[in-house]
Amino acid sequence: MKKAYKILAMNGSHRSEKGFTEIVLQKFITGAKSAGAQCEVLHVSKKKIIACESCGKCLFETPGVCKYKDDMESIILKMEEADLLIFASPVYFDSMSSNLKKMIERLRSTLDAFFEFRDKRTYHLKTNKTKQKAVTIFTAGNPEKESFVSISRIFNRIIDNMGVQFAGEFHFPASHLLISDPKLLASQLEAVTMSGKEIVSKGNIRKELLEKANREYIDDPRITLQQMTQMILKRRNTMGEMKCK
Ligand SMILES: Cc1cc2nc3c(=O)[nH]c(=O)nc-3n(C[C@H](O)[C@H](O)[C@H](O)COP(=O)(O)O)c2cc1C
């Protein structure tokens, strides 16, 4: 019997399944499941993960083994078994959420302690590209695509350092629109679902499909910002009314 294609999605949102990032992630998962993938979504904020304190134990004393016994042990096992890793995060201060960062720092124990210099960069040994692939999904509050430049670069490096093949990224700015105006994003979200299906059935996501998923849906960021300001003011006023009662 053919082995099922395994996907491990790691959602770093502090709001876990209630957040905007989960909406986009679930679209991808729906597509992947329709092609027969076995998917697990892990909400990093709900996991017990002790921060790496750079004690050096996993480097010098017990190579490859961290001194902490927490949820990272099972996360690492699941990561190793997966054909596809999904890193999903809201953009926080132009980077990823602190919970996701904490999880990634603990992956230090999985990397070889020794290095080599190739392609103008320093790599951990034994991190030549494996068959394993990774995609990223990011949502941001700001309306401009530029909000993703920094986090995208960071993840390109992380995925490269892990020796995993990068298979595509999905960026959703002005993330409140995922709830307030889903019709506006319908074709992009449909392309995310198609991407999930395609990577499982074909092993890759076509460039055109990635472009469709990432197509701009904000004509003028200044107008979206005005709408966001109105939304915040309205919500503050409602909160005030609630307190007066
Ligand atoms: C601590 C914090 C920092 C944020 N920093 C940024 C930022 O730098 N750029 C941006 O566009 N949005 C920023 N946002 C907004 C979130 O990226 C956005 O609301 C995201 O879609 C939230 O995803 P979630 O609902 O899955 O948690 C920030 C939100 C928080 C709570």
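**Salt bridges, nonpolar cores and the ligand site**

Let me begin with Arg206, a residue that is partly exposed, its relative accessible area being 42%. On the scale used here, buried stands for under 20% relative accessible area, exposed for over 50%, and partly exposed for what falls in between, with a 1.4 Å probe and protein chains only. The model is a predicted one, in which local features need pLDDT of at least 70 and side-chain atom pairs count only at pLDDT 80 or more, while totals for chains, interfaces and linings use all residues. Residue numbers start from 1 along each chain as its sequence is written, and side-chain values rest on heavy atoms, with hydrogens and water left out.

I turn to charge pairs. Side chains of opposite charge can pair when their charged atoms come close. A salt bridge here is a side-chain nitrogen of Lys or Arg within 4 Å of a carboxyl oxygen of Asp or Glu, and the structure holds 14 of them. Arg206 takes part in one with Glu198, where the closest N and O atoms are 2.8 Å apart. Is Glu198 buried or exposed? Glu198 is buried, at a relative accessible area of 6%. Through salt bridges that share partners, Glu198, Arg206 and Glu208 form one network.

Another pair is Lys57 with Glu61, whose side chains meet at 3.9 Å, N to O. Both residues belong to helix H2 (residues 57-61) and sit four residues apart, about one turn of the helix. Helices (H or I, at least four residues) and strands (E, at least two) are DSSP runs, numbered from the N terminus. Lys57 is partly exposed at 29%, whereas Glu61 counts as exposed at 58%. A further salt bridge joins the side chains of Asp220 and Arg222 at 3.1 Å, N to O, and Arg222 is exposed, with 61% relative accessibility.

Next, the interior. In soluble globular proteins, nonpolar side chains tend to be buried together. A nonpolar core is taken as a set of buried Ala, Val, Leu, Ile, Met, Phe, Trp, Tyr and Cys residues joined through side-chain atoms within 4.5 Å. Which residues of the largest core touch the most other members? Of its 32 residues, they are Ile7, Phe28, Ile86, Val135, Phe170, Phe172 and Ile199. Among the elements that give two or more residues to this core are strand S1 (6-11), helix H1 (20-34), strand S6 (133-139) and helix H7 (186-202). Apart from this core lies another, of 27 residues, including Ile75, Val91, Ala134 and Ile158.

Leaving aside neighbours within four places in sequence, Ile86 is in contact (heavy atoms within 4.5 Å) with Ile7, Leu8, Ala9, Met10, Leu25, Phe28, Ile29, Val135 and Ile137. With residues up to four places away in sequence not counted, Asn11 touches Ser16, Thr21, Glu22, Leu25, Leu42, His43, Val44 and Ala88.

Asn142 uses a polar backbone atom, 2.9 Å from an oxygen atom of the ligand. The ligand taken alone exposes 650 Å², of which the protein buries 74%; these areas come from the Shrake-Rupley method with a 1.4 Å probe, and for residues only the protein chains shown count as cover.

Asn142 itself is placed in the loop between S6 and helix H5 (149-162), and is partly exposed at 41%. Residues up to four places away in sequence aside, Asn142 touches Ser147, Pro173 and Ala174.

Finally, two backbone details. Asp94 has a phi near 65 degrees, a positive value in a residue other than glycine, and lies in the loop between strand S3 (84-90) and helix H4 (98-105). Asp119, in the loop between strand S4 (115-118) and strand S5 (121-124), has a positive phi near 50 degrees. Asp94 is partly exposed at 44%, and Asp119 is exposed at 63%.

Notes. Polar contact = N/O pair within 3.5 Å; in protein donor to acceptor, adjacent residues only side chain to side chain.
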